[in-house]
Amino acid sequence: MKILVTGGAGFIGSHIVDAYINLGYDVTIVDNLSTGSQKNLNSKARFIKMDINDSIIEELICDEKFDIINHHAAQIDVRISVENPFFDAQTNILASLRIYESAKKSNVKKIIFASSGGTVYGEQIYFPADENHPLLPCSPYGISKLANEKYLFYYKTIHNLDYVALRYSNVYGPRQNPYGEAGVVAIFTKKFLIGEQPIINGDGFNTRDYVYISDVVRANVLALKENVNGSFNIGTGKEHDVNYIFQKLKEITGSNLPKIHGPAKPGEQRRNSLSYEKFYLATGWKPEIDFDEGLKKTVEFFKNNPDF
Ligand SMILES: NC(=O)c1ccc[n+]([C@@H]2O[C@H](COP(=O)([O-])OP(=O)(O)OC[C@H]3O[C@@H](n4cnc5c(N)ncnc54)[C@H](O)[C@@H]3O)[C@@H](O)[C@H]2O)c1
C-alpha cells in the first residue's frame, strides 16, 4: 500500500510514519520543516521537502497514485490563527482543498485527516462531548478544521472518496515541540528538566483531555480499514487541569521549583473532554496509556534526548 503522509516530520505525523513503515507500507513524506524536524524523519520513508501550498503537490499526487493520504501538515497554532486568519486559511483550508481535489483526480482511496476535538466544538455544553455535540468553533483554526471535515464529507458523498477525520483532544508524548505556544506537557517537562521556571497561565484550573501519542498512532492505523468512515473523536473522556500537570511533572522530574502563576491567556477555553465511544464501536479502539504513565514516558524521552 502506498501512503502519503503530509506533516510526517512533525510530532504526530512522524510517529504515524514509523508505524506505517513497521507495517510494511510504502511511505512518502511531504513536509516543509517549518515546525517539524529532520531528526524525526524515518530513513525508510521517502522524504520530499515541499510546502503543501505549492501547486506542485498536485503533480506529485497525480503521478504517484497513492492509495491513502494521511494529512497532518497544518498551521497548528490557535493564537496565530486569531492574529492572522488569512494565513491560517491559506494552509489549513486552501492547500488542503488542493490535496483533496488531486486525490479525487488520481483515485486515492481514502484521506485520513487530523482534525481537532479540542476546538471544533467550541466551549463545551456537556462533558465529555460526543460527535453530536454542537459544532461552534471559536477560533479560525477550529473553523478551518471543521471546514476540512465538510469538504471531506462532500468528496465522500459526491465523489466516493473515503475519509476518516480524527478529532484529537490534546495529544502529548515524545517528540512534541517543547518550545511552542501549545503543548503544556512538553513545555513544562523541558523546563523542569533544565531547571527553568514553568509558568501556569491564570488559575491553572483549565482542563483538557490528554491522549498519549501511541494511542493516536493506533487510531491512524485502524483508520486505514476500508469499513471505517466519517468523523471520530480521539480522546480519553477524562480531564486534567494545569495545576495537576505541574504537580505531577514536578514529582516525576524531582524538581523543587515553586508553583508560579502568570496572567490568564485571553480567549482560552475552560474545559474540554471527548467521548471516544463512536470510534470504539467502529474499531474497538480505546486509549491504553493512562495519564500518569504517559507523563512518565514523556519525561523519560526528554531526559534521554536532551538535544530535543
Ligand atoms: N498536537 C495536538 O494536540 C493536536 C490536536 C489536534 C489536532 N492536531 C493536528 O495534528 C496535526 C499535526 O500536529 P502536531 O502536533 O504533530 O504538530 P507539528 O507542528 O509537530 O506537525 C505539523 C507538521 O506539518 C509541517 N507543516 C506545517 N505547515 C506546512 C506546510 N505549509 N507545508 C508542508 N508541511 C507543513 C510542519 O513542518 C510539521 O512537521 C496538525 O494538523 C494539527 O492541527 C494536533
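In which sense, left-handed or right-handed, does helix 6 pass helix 8? In this predicted model, the crossing of helix 6 with helix 8 is right-handed. The packing of two helices is described by the angle between their axes and by the distance between the axes. For helix 6 (residues 184-194) and helix 8 (residues 242-253), the angle is about 35° and the axes lie 10 Å apart. Helix 6 contributes Val-184, Val-185, Phe-188, Thr-189, Phe-192 and Leu-193 to the contact, and helix 8 contributes Val-242, Ile-245, Phe-246, Leu-249, Lys-250 and Thr-253. By class, 9 of these residues are nonpolar, 2 are polar and 1 is charged.

An open sheet is formed by 7 strands, arranged in the order 3-2-1-4-5-6-11 with parallel pairing. Strand 3 (46-49) and strand 11 (230-234) are the edge strands, each pairing on one side only. On average, neighbouring strands of this sheet are turned by 20° against each other, direction ignored. Strand 2 (residues 26-31) pairs with strand 3 in the parallel sense over 4 bridges, and Asp-31 has Lys-49 of strand 3 as its bridge partner. Helix 7 (residues 213-222) lies across strand 4 (68-71), strand 5, strand 6 (162-168) and strand 11, and runs at about 165° to strand 6.

The ligand is surrounded by 28 residues, of which Gly-7, Gly-10, Thr-35, Gly-36 and Ala-74 are the closest. At least two residues of this shell come from each of helix 1 (11-22), strand 5 (110-116) and strand 7 (170-172). Helix 1 gives the most, with 3 residues. The shell comprises 11 nonpolar, 15 polar and 2 charged residues.

Technical notes. Residues are numbered from 1 along each chain as its sequence is written. This is a predicted model: local features need pLDDT of at least 70, side-chain atom pairs count only at pLDDT 80 or more; totals for chains, interfaces and linings use all residues. A residue is near a molecule or strand if its C-beta atom, placed from the backbone, lies within 6 Å of it. Ala, Val, Leu, Ile, Met, Phe, Trp, Tyr, Cys and Pro count as nonpolar, Asp, Glu, Lys and Arg as charged, and the others, Gly among them, as polar. Axes are lines fitted to C-alpha atoms, for helices over the stretch in contact, and angles run from 0 to 180 degrees between N-to-C directions. A crossing is left-handed if the near helix is turned anticlockwise from the far one by less than a right angle, and right-handed if clockwise. Two residues are in contact if their C-beta atoms, placed from the backbone, lie within 7 Å. Two strands pair if DSSP finds at least two bridges between them.
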